Amino acid sequence: MAELTYRHAVKDDCDEILRLVKELAEFENLLDQVNITSETLKKDGFGEEKLFHCIVAEEKPSPGGGDTSKLIGYLLYFWSYGTFTGRVLYVEDLYVSQNHRRRGVASALWDFAMKHHDHVKKSEQVEN
């Protein structure tokens, strides 16, 4: 079984993040609404003014299974501000590729984010 690691995204991950965004959009039947590019992700997430942050789940190949790692999930978030609550971490997307679900990847991405931002009050919003 391949090894999974969780980490903050880097600029070089943007092509893979965009691939995952498109997977999510396809799953939601919204692929025609994806207008973002890898270059936009690079500018907005890793430029002078960071508009979002991203945590990724990376699958490292098994010994003898090739030498290419790939991203299998991401959690994209940004900071917002509530007049009643103050600073709030807002999760825009939490996505795991379909063939990697039910392995605890989404929970691990969430735990990684919360571990690195445990000083912030979190609010939970569920959309149906």
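## About the model

This is a predicted model, in which local features need pLDDT of at least 70, side-chain atom pairs count only at pLDDT 80 or more, and totals for chains, interfaces and linings use all residues. Residues are numbered from 1 along each chain as its sequence is written, and side-chain values use heavy atoms, with hydrogens and water left out.

## Overall fold

Let's start with the whole chain. The protein chain contains three helices and four strands, and from the N terminus their order is β-α-α-β-β-β-α. Helices (H or I, at least four residues) and strands (E, at least two) are DSSP runs, numbered from the N terminus.

Of the 128 residues in the protein chain, 35% are buried. Here, buried means under 20% relative accessible area, exposed means over 50%, and partly exposed is in between (1.4 Å probe, protein chains only). The accessible surface of the chain is about 8600 Å², and carbon and sulfur atoms account for 49% of it. These areas come from the Shrake-Rupley method with a 1.4 Å probe, and for residues only the protein chains shown count as cover.

Contacts (heavy atoms within 4.5 Å) also reach along the sequence. Taking those between residues at least 6 apart in sequence, 56% join residues at least 24 apart.

## Where H1 meets H2

Two packed helices are described by the angle between their axes and the distance between the axes. For helix H1 (residues 14–27) and helix H2 (residues 38–46), the axes come within 9 Å and cross at roughly 110°. The axes are lines fitted to C-alpha atoms, for helices over the stretch in contact, and angles run from 0 to 180 degrees between N-to-C directions. H1 and H2 are therefore roughly perpendicular to each other; angles under 35 degrees count as roughly parallel, over 145 as roughly antiparallel, 65 to 115 as roughly perpendicular and the rest as oblique.

On the H1 side, Cys14, Asp15, Ile17 and Leu18 take part, meeting Ser38, Leu41, Lys42 and Phe46 in H2. The residues of this contact divide into five nonpolar, one polar and two charged. In this scheme Ala, Val, Leu, Ile, Met, Phe, Trp, Tyr, Cys and Pro count as nonpolar, Asp, Glu, Lys and Arg as charged, and the others, Gly among them, as polar.

Leucine 18 is worth a look in the viewer. This residue of helix H1 counts as buried, at 10% relative accessibility. Leaving aside neighbours within four places in sequence, leucine 18 is in contact with Val34, Ile36, Thr37, Ser38 and Leu41. Leucine 18 and serine 38 are 20 residues apart in sequence, with 6.1 Å between their C-alpha atoms.

Glutamate 92 is in strand S4 and is partly exposed, with a relative accessible area of 44%. Setting aside neighbours within four places in sequence, glutamate 92 has contacts with Leu76, Tyr77 and Phe78. Its C-alpha atom is 9.9 Å from that of cysteine 54, which is 38 residues away along the chain.

Next comes the loop between strand S4 (86–96) and helix H3 (105–116), where you will find serine 97. Serine 97 is buried, with a relative accessible area of 5%. Apart from neighbours within four places in sequence, serine 97 touches Arg19, Leu20, Glu23 and Ile72. Arginine 102 lies in the loop between S4 and H3, but is exposed, at 88% relative accessible area.

## Two positive phi angles

Arginine 102 has a positive phi of about 65° although it is not a glycine. Asparagine 29 is also a residue other than glycine with a positive phi, near 55°. Asparagine 29 sits in the loop between H1 and H2 and is exposed, with a relative accessible area of 66%.
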